[in-house]
Amino acid sequence: MAKTTTLIKRLGQKLDIDFLDEDERRAIDITSLGRESDYARDWIMFTPTELLKLYVKEAFNREEIPAPDDRISTWSDYREELARNIFPILRSASNSSSYVLKDNALTLKPASHSDAIAWFEDFDQWQKAAFWEELRASAKGLSEQAESNVARVGARLSAAIGPEGGESSQVFVSFLPIAEDIRTMVEQRKLATDAELRKSLNLQVNRDRGFLDSFGTFIEGLSDVADDADDQEDDEEEANQPRVGRAAAMNHYIRVLRTQARARARRRNVPKTSRTGRIIDWLRDRMPPDADLQRIGENLMVQSALRWFVNPARRYVDSVPQRYRRFRRMRQAEGAWYAGDGHAVTDLHPLEADLILLAMLRSSDELVRRGRRLDTPENPAQRILTRMNELYRTQVLVDEATDFSPVQLACMATLARPSNRSFFACGDFNQRVTTWGTRSIEQMKWVLPDIEDRTVSIAYRQSKRLHALARQLVALGGDTAAHVALSDFADNEGVSPVLATGMSDLAGTARWLATRIIEIEEAVRELPSIAVLVNREADVRPVAEALGEALLDNNIRVIPCPDGQVRGREGAVRVFNVEHIKGLEFEAVFFVGVDTLAANLPDLFDKYLYVGATRAASYLGLTCSGSLPDRIQPLEPLFDQKW
């Protein structure tokens, strides 16, 4: 764990403020932390897996650096916290989003995994242009209103926004002098439309005392029906609205009337298959006449246009998920980035959540850096700035950075305080074992343009023969990463790796593994640390049981490690899913079914083998149900059949 150790030692050096130079002291901005004592706790570190998190925590303990769970996190856990509880992306009790995060959502094409930078830039450029287009259209619409006071406000807003192409979040500051006037206009109009909408509701309740109960029952039956994003206006949404019962029925009735009124004013129809469309069909004649709806809708559209300028910073950031829905639907129709079918409109792949989060984080960061005049108690934009300031950390660290996508790394980098942007990541491009992982230093430069790269060029773990195999694997993969040399003190020639082909049944494979493990014990006189890596989580226990039976007479215990959570003890053989290989360090490593691994992960299997070759100190063994995969056939002469 040379790279990880370097990361931890670097953090340890920077946690004591007494050892920082003057430039570093100025950069960390102690006043923003409250107390100097808070500085030592103001960091966060990300790892790709729970198993790595465990190993890293132990490494921190060895360096006597406190590392509680709230400072070391997997990205998947932290992403879910951000998307569900901090930003309004995922469905929860506190927001009206319809997105549901699904690890196996079939929403994406392979290009979205392999070219995340282009995917993000396509979305971010589009969503920002869409925001400014809607803002400009709202101001223009207001300037064309018949009411002179509304038209004057619209003209001022249009002038403040300026010509297309010159947009900046600084514009939000120029809206401040008339923000209070706009709020007053919105409140007055809202009171009038609310009164009309409630009058219609009261009329239906007076006609039919059971109306709300039957309406509520109907709504609950639509829980799995998604609404069309274009039918929804978030300016009327409030957090913690009731989801069931009479109160929910009342809120839904008012909301549906608003949607239908807007549609009438725009001379459009609400899609009949959407949630709102089905409710409108159910209500039928229990709604106001079309003429009344159109008049109400025209008033609502003026309110909606005015609301853009009550808190534009909130729309700039918190409406990103709604804009993403439109972007996804548009690109899906074009055949770009997204699969055409096989998923619900509410499904959200974790990589999509990353995309939305990065857009929201960067927009929030931009407001913090450039819109300081927005950060006043009377300004509604303050909540957006406060939320981001609470997320910032003085130091952000990442282990096994190449397993994260550039978009994920950019999210993490944006969490570093703007005053110093202290972001430290370690990883090996040749050890990337995710399809979306970061592939080059150029991609790291996209994450943070002024990042500096340093190379760890001395290997300390392996024997000379395994080191030679690892270099051959890199060469076969066509990678051009910096060469890593063995330490001058490494005089361990070691033994050749071993290979068994034609291992198509579990019992035979277990017997071969058992024989090799006994050979290791006989050679070193005491059983060292040994890991057996299988291709699926479902294979962990069967392989452990078969191998345990084969080693029973030798009193060698075999421990299954499901989900990489059980570490076992020295003197036992441990069986892991190959996806948990990162962070493991063993004297001996075995891969079971390398040809199956190649079939399942054709673009990554050689990366896994490279990682395995670098995690094994002295012994490496491979089995194949058939023969070695074609890509690594040239390496077969490097293998023996036994030790």
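Here are some numbered notes to read alongside the structure.

1. **Ground rules.** This is a predicted model, in which local features need pLDDT of at least 70, side-chain atom pairs count only at pLDDT 80 or more, and totals for chains, interfaces and linings use all residues. Residues are numbered from 1 along each chain as its sequence is written, and side-chain values use heavy atoms, with hydrogens and water left out.

2. **The whole chain.** The protein chain has 24 helices and 14 strands. Helices (H or I, at least four residues) and strands (E, at least two) are DSSP runs, numbered from the N terminus. Of its 643 residues, 52% count as buried. Buried means under 20% relative accessible area, exposed means over 50%, and partly exposed is in between (1.4 Å probe, protein chains only).

3. **Surface and contacts.** Now look at contacts in the protein chain with a separation of 6 or more: 77% of them are between residues 24 or more positions apart. Contact here means heavy atoms within 4.5 Å.

4. **The six-stranded sheet.** Follow the order β9-β14-β13-β10-β12-β11 and you have an open sheet of 6 strands with parallel pairing. β9 (498-500) and β11 (557-560) stand at the edges with a single partner strand each, so one side of each has no neighbour in the sheet. Neighbouring strands here are turned by 20 degrees against each other on average, direction ignored. Two strands pair if DSSP finds at least two bridges between them. β9 and β14 (residues 616-623) pair in the parallel sense over 3 bridges, and A500 has T623 in β14 as its bridge partner.

5. **The four-stranded sheet.** Another open sheet has 4 strands in the order β2-β1-β5-β6, again with parallel pairing. Its edge strands are β2 (72-74) and β6 (422-425), each pairing on one side only. From one strand to the next, the twist averages 20 degrees. Helix α3 (residues 50-62) packs on this sheet and touches β1 (43-47) and β2; its direction makes about 135 degrees with that of β1. Axes are lines fitted to C-alpha atoms, for helices over the stretch in contact, and angles run from 0 to 180 degrees between N-to-C directions.

6. **Zoom in on β5.** In a regular strand the side chains alternate between the two faces of the sheet. You can see both directions in β5: Q395 and L397 point one way, V396 and V398 point the other way, and all are buried. On one side, 4 bridges join β5 to β1, and the two run parallel; F46 has V398 in β5 as its bridge partner. β5 (residues 395-398) also pairs with β6 in the parallel sense over 4 bridges. V396 is partnered with F423 in β6, and Q395 with S422.

7. **From β5 to β6.** Which helix does the chain go through on its way from β5 to β6? The path runs through α18, and this β-α-β crossover is right-handed. Right-handed means that, with the strands pointing away from the viewer, the path from the first strand over the helix to the second runs clockwise. Helix α18 (residues 406-414) is mostly covered, with 9 of its 9 residues buried; among them are V407, Q408 and C411.

8. D354 lies in helix α16 (residues 350-370). Is D354 buried or exposed? D354 is buried, with a relative accessible area of 0%. Not counting residues up to four places away in sequence, D354 touches W75, R79, V407, Q408 and C411. The side chains of D354 and Q408 make a polar contact (2.8 Å). That term means a pair of N or O atoms within 3.5 Å; within protein, one must be able to donate a hydrogen and the other to accept it, and residues adjacent in sequence count only if both atoms are side-chain atoms.

9. S200 sits in helix α9 (residues 176-207) and counts as buried at 8% relative accessibility. Leaving aside neighbours within four places in sequence, S200 is in contact with Y253, L257 and P288. In helix α12 (residues 275-283), the buried residues include I279, I280 and L283, and their cover includes α10 (211-220) and α11 (245-265). Just after α12, R284 takes a positive phi of about 50 degrees.
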